[in-house]
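Morning, everyone. Please look at the structure first.

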Amino acid sequence: MSRFAPHRLVAAMAAIGVCSVPFHSALAQVAGSEEMTEEVVVKGFRQSIVNAIDQKRFADTVSEQLSADDLGGLPDVSMADALTRLPGISAVRTGGQAAEINIRGMSGGFVFSTLNGREQVSTSGSRSIEFDQYPSELIHSAAVYKSPKVSLIEGGVAGSVELKTVNPLDNDDVHSFSANVRGMYNDRAAEVHDAEEFGHRVSFSYQGKFADDRIGVALGYAQLYQPSVATQFVGLNYNALIDVDRVPGDTDGPESDPAAEYVSEGMELQHRGGEETRDGYLATVVFEPNDSFTLKADAFISKFDSEEFARGLRVKFEGASAAIANEQILDNYMIGGNINRRSNGLTRVELVNDDNRDYDEVQSYGINADWQATERLNINFDVSLSSAESNFRNGLLWALVSEDAYAETPVLDGDVAINYQLNGLDLPNVGFSQADDFADIDKVLVSKYGIYPYENSDEINAVRIDFKYDLDLPVLSSIEFGLRQTEREYTNDRSVFEYGNDSNFSALEAPLRLTEDMVDVVSWEGQFSYFPDYLAIDLDKALAAWFPNGTPQPVQTWGAGNAGVINPDPDSTRSYDWTMLQSGKVYEDTFAAYIMANLEADVFGIPMTGNIGVRMIETDQSATSLENVGGDPLLGAQYIEDDAGYINDQYAPSIKGIEYTDYLPQMNLNFALSDNDQLRFAAAQVMSRPPINRLASDTSYTISDSGEISANSSNSPALKPFYATQYDISYEHYFDSTEGAFALALFYKDIESTGIVTTEIPQFDFAGNGFAVPEYITDPTSGVPVPTRNGTYTVAYNDENGGFLQGVEVAYTQVFSMLPEPFDGLGLNVSYSYTESEIERDRILGSASVRQPLEGLSENVLSSTAFYAFRDFETRLSVRSRDDFVSDQVAVDTQTVFYSGETVVDFQASYQFTDRLGALFQVNNLTDEPTRSYFNTEDQTGTIQYFGRQFFLGVTYSL
């Protein structure tokens, strides 16, 4: 049920004497007043470039623009791909697709996004939206604001991205219809067993005007069905400190253990495959009874469903209990050697068959009324709702090699020897003593099944009113002021089901013997062909055989063996209190007000326009919390029952949070040096709030089957925003004789806080610091007590150590129309940015402390497109390149690593047979560029992941 009650805004409206009124349109926020905007009809890539140049030219802030006239006019798979064509914009590829964007060297967490001027929530629990959720076919234009103005919603230290859908009354035709149908092929899918090779991309759109152009209607639908394919090697965290070289007097290790070296947790060799389906829907209705009033209602829905598998080998070194020989040490990190399992050790190779299903949906609704109340006064009123839901179900199936799968009591094969040598950013050399057994149904047994869903929802209700009053005064051309109120609620639910053991065969929960109909032998191809064969297991058939009465479903539970449960199962020691503690709600309410003066004057004979103002924001943020008070009812302890019926009396429920107020002054000045030259200067204080999921209160601990305790307190409702003071100066020259422009921009950000620091404390004393942890657990295999031992505690806090970030951007666009035919259709669009920062953060990667730059920062980013149009033929070649940068990779756990620089090449060609019918051919990732990452240096391999090339062939039709 909605909690939305905009009492303060209604009261403010009543005080001004307004009941039901509008404000200046989203378009006015993007590109200045409508009178200043030049419209250019887009019929190809060349004209879309020209249109974007015109919008940039007449904008009142430092910004970059993308534009298309018709629905479906942007040729990219998603808006993430489209935005990377802009200066200073780069993307992080997920599954081979651009998903998160970085602006001026800052990661997606510092990027704020809107749709039609309205804040959008995310399916990931972050502030940054997943741009691949937004089909480019349904987006009319986009703007990236690098310098803000106070009438824009706060939230982007890096910058703000505004996506806009079409206004059908702006369409030249009374009625228009377009269709786009493309087939798709991935050339690496044939290397992945069970992977789909073919997909498609389909879109339809309609725009119509009725009642003498007083009513406009736009409808759109876009579907993308594509194979998700990857072949990968993943190196795991260096989470162990062990003296493996045994050199007397060795002091190269950390202060806590000078003789020790850093040893990796292990590695993964995987095939990934599956299908992704995105369905997007758009509806817009505009009513414009006269020139002074416009009422617009719009709806946007996008569903993104992904069903994927990950199969292969997960190698667990467990170095503390292993025998290590022939170690290769570089900079005190072990990057190769022989690892053998001891009789009482845990070293093993797991056969993994993961089933990952992710169902995401975003919805955005809004009503906007724009009223020119008098010749001088414009009033705009907007009410909106943005919601997102995500249901991620990651089912994991483990299998291990036994001595004999047909034995009455199976015994784990203890002859485990692993030989490996990392080769930096190339694939490693690997060898296994059990290599022949990984594909032997007489040896392999399923040992464990687990499912660990993440379900979250996010919803924001917003109401906004803006006023603009034109003045007839020197310098001061108009005044704008406005109010905005929002209420946001984020919900996260965790649950779990586990059966069996991932490190041995459980005596209480017996392993599953496989049959021929459940498995296929899978071989590796291409660069990975020397990896050993393994069994791919049909998850549904295996679960049906293991659980003939139906597979149990995950539940939110304390766990039958949780120490605080008053009705435990005496045969169980499993504790899942993290499903209770990591589930909960976050509330965020804001109230904002701003005043802005629009300026227009001559300064020493140079025409100057701009704006100056201040924005005030009050924030009230809180989260539900379960605090362990040791069962003391005087401290609020209650009986809390879980979904499985277990009751815990140790915790006190509460809501914790903080309130704070911010004032953000901002200024933009634009100087028209000539008809074709302008100079811009901007200064602003900006902020970015923490990801909404990081405001949760969810401290919890877990104990592994081997007795290791680990805990997580990486979120807090007391986390505050990140702040910066920034300055921009840019020069723009627009060509007179040809279509094109040159731009040079310098920027500087003084960042007060680099954000949330998440650090891991190894060997943390949990009992000594108040955690109610048991001294022993029962081994699920043998039934004997196992002493618990201290592991890693993950904590988060606001980093108060800031610093500068500065850089330069150069952009050049030109259509060489001065050349003789047929060369007059040649064109070039090139941008380059250089960014540097003094900011570095200490991160704990496993057991090692590493200095890392800001996430998302690549010193050099280059984007270039060469295009050519001749009569009905058009083609373009795009190249995007960036240097090394820091971001997260997902393995067993999320790991923050260095990504190696990459160059991605795309190609497209089209031919227009008639005014209505055209054909298109497109290749994405033309060179099959992999993703490569590393930990501290390139010798410490992180990920090497190949996704394949995507080929599209299709037709377009319009009426």
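Strand S2 gives the most to the lining of the largest cavity, four residues. This is a predicted model: local features need pLDDT of at least 70, side-chain atom pairs count only at pLDDT 80 or more, and totals for chains, interfaces and linings use all residues. Residues are numbered from 1 along each chain as its sequence is written, and side-chain values use heavy atoms, without hydrogens and water.

Some terms. Strands (E, at least two residues) and helices (H or I, at least four) are DSSP runs, numbered from the N terminus. A cavity is a set of points on a 1 Å grid over the protein atoms alone, where a 1.4 Å probe fits but cannot get out; lining residues have an atom within 4 Å of a point. Points are joined across faces, edges and corners, and volume is the space filled by probe spheres set on them.

How big is the largest cavity? Its volume is about 350 Å³. Of its 30 lining residues, the closest to the centre are Arg93, Gly96, Ala98, Arg880 and Val904.

The second largest cavity holds about 300 Å³. Among its 24 lining residues, Ile53, Lys56, Glu64, Thr813 and Asn829 are closest to the centre. Here helix H3 (45–58) gives the most, with five residues.

Now strand S36, residues 708–713. Which strand does S36 run parallel to? Strand S42 (residues 789–799), joined to S36 by five bridges. DSSP must find at least two bridges for strands to pair. Asn712 has Thr794 of S42 as its bridge partner.

Note on methods:
Buried < 20%, exposed > 50% of the residue type's maximum accessible area, 1.4 Å probe, protein only. 1 Å grid on protein atoms, 1.4 Å probe; cavity = no way out; pocket = protein on both sides within 12 Å on 5 of 7 lines; lining within 4 Å.
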